[in-house]
Each structure stands twice: as C-alpha cells, then as structure tokens.
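Please go through the model shown here with attention to its ligand surroundings, its strand pairing and its backbone geometry. The report below takes these topics in turn.

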Amino acid sequence: MQRLDAPRPTRTPAEHAAAVLALGGSLPAEVIPADVAALGRILSADVTSLVDLPPWDNSAMDGYALRHADLTGVQGADAHEPAMGGTGTLPVVDVVPAGDPRDLTLVPGVAVRIMTGAPVPSGADTVVQVERTDAGRDAVTVLEPVPAGANIRRRGEDVAAGATVLRAGEVLTAARLGLAAATGHATLPVRRRPRVLVVSTGSELVAPGSLAPGEPLPHGAIFESNSVQLAALARAAGAEVAVRTVPDDVAALRALLTDPHLAADVVVTSGGVSVGEFDVVRDALAEHLELVHVRMQPGRPQAVGTLPSGAVVVGLPGNPVSSYVSFEVFVRPLLRRLAGATTLTRRRVRATLTAPLTSPAGKEQYVRVALTWPDGLPEATPVGGRGSHLLGALAASDGLAVVPADVTDLAAGSMVDVLDLREDEA
Ligand SMILES: Nc1nc2c(c(=O)[nH]1)N[C@H]1C(S)=C(S)[C@@H](COP(=O)(O)OP(=O)(O)OC[C@H]3O[C@@H](n4cnc5c(N)ncnc54)[C@H](O)[C@@H]3O)O[C@H]1N2
Ligand code: MOO
C-alpha cells in the first residue's frame with residue numbers, strides 16, 4: 001500500500017493514460033436491433049453482406065428499357081441527312097414499376113416503360129430517361145441518343161454478397177446503419193455499453209435545486225457541477241451513467257465503493273485526491289488506489305486502481321476544469337477501449353494560434369480554445385485564463401490545445417495540436 005504521506009510517483013500524461021488503459025479489457029458482446037438506437041454503438045465483429053448490392057440490375061432513371069442496337073436512327077426532316085444513331089421509334093409493350101416481382105425478358109425490337117429502381121428485364125441493355133424521348137405510351141421515339149449501357153445499375157457493383165462491409169471496432173454511424181440495413185441486417189453484434197458510476201465528493205457541495213426558493217447559497221458552499229459534467233462526458237463517450245454525490249465521509253464512501261457487487265465497470269470520482277486533510281477518495285480507497293502526480297496542467301493529482309467488485313476506479317482532481325480535462329485524457333480512452341472501439345482518442349486538429357501563449361515548464365498544458373475556420377483553415381483562439389476553476393472559459397471553448405512539456409512560449413501564428421471536443425460519437 002502506498003503511504004499517504006509518501007512522495008507521489010510522477011508520470012507523463014501518456015504514461016498515466018497507458019496505466020489507466022491497461023486496467024480495461026473489452027466488455028462482452030451483445031446482439032441489438034439494427035435500428036436508430038444502435039447509433040454510436042461499436043461493432044464487436046465484422047459484418048458481411050447477405051446480398052449483392054444492388055441485388056439485381058436496376059434502372060437509375062424513369063424512362064424506357066431497350067436494346068441499344070434496336071435504335072437505328074431517326075430520319076431528320078431533310079431526307080438527304082443521315083439518320084441519327086442511337087435514336088428511333090419502338091413499340092412499348094409493358095410497364096415495370098419498382099418492386100415488380102416478374103422476371104421479364106425483352107424481345108428484340110421493343111421497349112418497356114421502366115421506373116427508377118425497377119429490375120431491368122433481361123435482354124435490355126440501356127435505359128433512356130423519359131426526358132430524352134417523346135414520352136409515348138404505346139410507342140416511344142428516342143430523340144436524343146444515350147450511350148449503350150446507360151442508366152443501368154449493375155447487380156453487385158456496390159457490394160458483393162459475402163463481402164465484409166463493416167469491421168469490428170467501428171462506430172455505428174448513420175451511413176453504416178444504412179449499409180447494414182441495405183445488406184440485410186436486422187440485428188448487429190456490438191459491445192455492451194460501459195456502465196459508469198460518477199461519484200462527486202466534497203462537503204462544500206450543494207446540489208442546484210436543493211435550496212428553498214430565495215434561500216441564499218450558504219457561505220463556503222458551491223453548487224455541485226462536476227457530476228453532471230462528468231456524467232455527460234461519459235454518456236457522450238458511449239457509457240450508461242449513474243451519479244452519486246457523497247459528503248466528505250470516508251466510511252460512507254468506502255462502503256459505497258468497496259461493495260463487491262457494485263454495478264459499474266468504471267467508477268469516476270472527482271475531488272479528494274490531493275494532499276488536503278479531508279481528501280476522502282484518497283483516504284477511503286487507500287489500499288485500492290495508486291496516487292500519482294501527472295506532469296500536466298490542469299490535472300496534476302490523479303489516482304487509479306481496481307475495486308473489490310473488479311471495477312476500474314479513476315480518481316480525478318476536484319477542480320472542475322481539471323476533472324474535465326482529466327476525463328478527456330484518461331477516462332475517455334478507457335471507456336472507448338471497454339466498448340471495443342478501434343479509435344480511442346479524439347481527433348486532433350492542427351491549428352494556427354491567434355494569440356500568444358505561455359506554458360509552465362515541464363508540464364503538458366491543455367489550453368481551452370475556440371476553434372474557427374475563418375479562411376477554411378483551422379485557427380485556435382485561447383479562451384479565458386488558465387485557472388482550473390474557470391468554468392465560463394471551459395463552456396466557451398470547443399477544443400483543448402496541447403502544449404508539449406518542453407514548450408514554454410508560443411507566439412501568435414504558431415501551430416498547435418488541438419483535441420477537437422466538438423464531435424460526439426455516441
Ligand atoms: N498543498 C497542495 N494543495 C493542492 C495541490 C497540491 O499539490 N498541494 N494541488 C492542487 C491541484 S493542482 C488540484 S487540481 C486540487 C485537487 O484537489 P482535490 O482533487 O483533492 O479536489 P478538492 O480539494 O476536493 O476540490 C478542488 C476544488 O474543486 C472544487 N470541487 C470539487 N468537487 C466539485 C464538484 N463536484 N463540483 C464543483 N466543484 C467541485 C472544490 O470546491 C475545490 O474548490 O488540489 C490543489 N491543491
Ligand atoms: O492540476 Mo490542478 O488539476 O491544475 O488544478
């Protein structure tokens with residue numbers, strides 16, 4: 001067990017992220033309906049097509065299906081002009097709507113009216129869109145030529161039956177759900193969502209709404225905000241979330257978190273991991289936690305461990321911006337790993353800084369920035385100050401510029417890597 005007064009090991013953010021990730025495997029797979037509720041879920045296995053796509057040759061246009069060779073030409077007004085190839089008049093013998101179950105064959109020398117998506121009769125090799133004809137019902141005159149083979153979408157040209165269309169670890173996006181449905185899938189194999197318990201500690205915390213109308217916030221108290229913020233981050237990372245707020249009571253916290261039947265894959269605590277006299281997470285979970293200092297700002301004090309239930313516990317610092325940034329850097333990758341995702345981290349945007357920055361030596365700094373694309377190229381504008389209590393600046397930002405530990409000054413116009421916080425995958 002790590003002594004509470006022992007100097008804490010220090011790590012880089014990458015080292016701590018790796019230590020947290022190492023505690024999480026993949027959650028079990030489950031089969032779910034391939035409907036809109038599957039949006040954002042992560043595939044646990046490859047998915048193959050049950051059909052050729054398109055399943056048969058079909059028309060790309062409303063028009064006439066025919067044999068191109070039957071269009072021998074329309075004679076111009078002047079009898080001396082040659083007939084125009086690819087034009088001509090043919091009798092119309094049938095009409096084929098989309099979904100027509102008949103397996104039709106076109107005899108030579110005739111045309112059928114055909115609708116977009118309808119199966120092309122065998123023997124027909126070309127569809128002429130109606131606008132290029134006289135739109136005749138019993139006979140059609142093709143007025144403008146189209147190339148042989150035009151406007152037919154060939155069986156299997158998109159996807160062949162049996163081909164792998166989606167891969168394990170991919171997030172189900174709108175387009176991937178569309179492809180799954182088009183290739184015949186009513187259900188899909190995904191990883192179970194991680195279950196996250198968010199625990200906020202601190203006796204100074206007052207839940208918004210818990211005061212009587214007109215009652216002032218007691219002196220020394222603040223509204224509790226980390227739990228909703230962390231729960232929202234966990235939800236956006238694909239987790240099912242429960243929230244508990246616990247006062248600075250070591251026994252109560254220990255009883256909650258050391259329950260061997262705790263129904264959570266990951267416990268995220270906020271607050272109480274520093275060196276103060278009432279740092280309850282540290283005290284309640286001492287034998288289960290590794291307490292470290294991470295060379296980053298914000299987010300220096302961190303804790304990680306495994307609880308008796310098997311849940312991974314990640315102890316984040318209580319300052320609201322610190323816990324937010326720490327979640328992004330340490331917890332989000334863990335949740336994505338548990339959910340089986342191939343991509344664990346946010347996209348990074350390489351952006352031009354619009355204002356100079358200073359950064360503490362030896363610490364990787366995560367700077368709140370607003371991302372804009374004024375000339376089509378990304379720019380990052382620092383928002384607010386550096387304090388890890390400045391929630392207004394956090395809410396006004398949509399990116400975190402990552403300033404490497406060995407960089408202390410960045411001039412306006414420098415390039416920075418920015419974690420793009422705008423995209424939510426789940
Ligand atoms: N002597 C030292 N003091 C501190 C150090 C240090 O190295 N030596 N580190 C500082 C840093 S950096 C951070 S970050 C904090 C982390 O402290 P804790 O994780 O123990 O967090 P708390 O003390 O419980 O709270 C810090 C701050 O955040 C507010 N808070 C906490 N929980 C919530 C919540 N759920 N909603 C809203 N606000 C919350 C709390 O009121 C405090 O103001 O320690 C520094 N101190
Ligand atoms: O490192 Mo603390 O997390 O800055 O405020």
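Ligand 1 has 23 residues around it, of which E204, E224, S225, R300 and G318 come nearest; a residue is near a molecule or strand if one of its heavy atoms lies within 4 Å of it. The model is predicted, so that local features need pLDDT of at least 70 and side-chain atom pairs count only at pLDDT 80 or more, while totals for chains, interfaces and linings use all residues. Residues are numbered from 1 along each chain as its sequence is written, chains are lettered from A and ligands numbered from 1 in the order in which they are written, and side-chain values use heavy atoms, with hydrogens and water left out.

Polar contacts are pairs of N or O atoms within 3.5 Å; within protein, one must be able to donate a hydrogen and the other to accept it, and residues adjacent in sequence count only if both atoms are side-chain atoms. For ligand 1, a polar side-chain atom of E204 lies 2.6 Å from an oxygen atom of the ligand. Polar backbone atoms also take part: one of G272 is 3.1 Å from an oxygen atom of ligand 1, and one of N319 is 3.2 Å from an oxygen atom of ligand 1.

Around ligand 2 are Q297, P298, G299, R300, N319, S322 and S388. This shell divides into 1 nonpolar, 5 polar and 1 charged residue, where Ala, Val, Leu, Ile, Met, Phe, Trp, Tyr, Cys and Pro count as nonpolar, Asp, Glu, Lys and Arg as charged, and the others, Gly among them, as polar. An oxygen atom of ligand 2 is 2.4 Å from an N or O atom in the side chain of S388. With the backbone, an oxygen atom of ligand 2 is 2.5 Å from a polar atom of G299, and an oxygen atom of ligand 2 is 2.8 Å from a polar atom of R300.

Ligand 2 sits in the largest pocket. On a 1 Å grid over the protein atoms alone, a pocket is an open set of points where a 1.4 Å probe fits, with protein on both sides within 12 Å along at least five of seven lines, and a molecule sits in it if more than half of its atoms lie within 2 Å of its grid points.

## The sheet around β20

Strands are DSSP runs (E, at least two residues), numbered from the N terminus, and two of them pair if DSSP finds at least two bridges between them. An open sheet of 7 strands has the order β1-β18-β20-β21-β17-β13-β16, with mixed pairing. Its edge strands are β1 (10-11) and β16 (240-246), each of which pairs on one side only. Strands β1 and β18 run parallel and are joined by 2 bridges, with T10 standing opposite H293 in β18.

Strand β20 (residues 301-306) is mostly covered, 5 of its 6 residues being buried, that is, under 20% relative accessible area, against over 50% for exposed and in between for partly exposed (1.4 Å probe, protein chains only). Strand β18 (residues 289-294) pairs with β20 in the antiparallel sense over 5 bridges, and E290 has V304 in β20 as its bridge partner. With strand β21 (residues 312-316), β20 pairs in the antiparallel sense over 4 bridges, and A303 has G315 in β21 as its bridge partner.

The hairpin of β20 and β21 has 5 residues between the strands, and there G310 takes a positive phi near 100 degrees. G310 counts as partly exposed because its relative accessibility is 47%.

## Backbone features in the loops

Most residues other than glycine have a negative phi, and most peptide bonds are trans. A cis peptide bond joins L53 and P54, with omega about -5 degrees; P54 lies in the loop between β3 (47-48) and β4 (58-59). A cis peptide bond also joins Q297 and P298, again with omega about -5 degrees, and P298 is found in the loop between β19 (296-297) and β20.

Two residues other than glycine have a positive phi: A135, near 60 degrees, and N151, at about 65 degrees. A135 is found in the loop between β8 (126-129) and β9 (139-142), and is partly exposed because its relative accessible area is 43%. N151 is found in the loop between β9 and β10 (152-153).

How values were computed: On a 1 Å grid over the protein atoms alone, a cavity is a set of points where a 1.4 Å probe fits but cannot get out, and a pocket is an open set with protein on both sides within 12 Å along at least five of seven lines; lining residues have an atom within 4 Å of a point.
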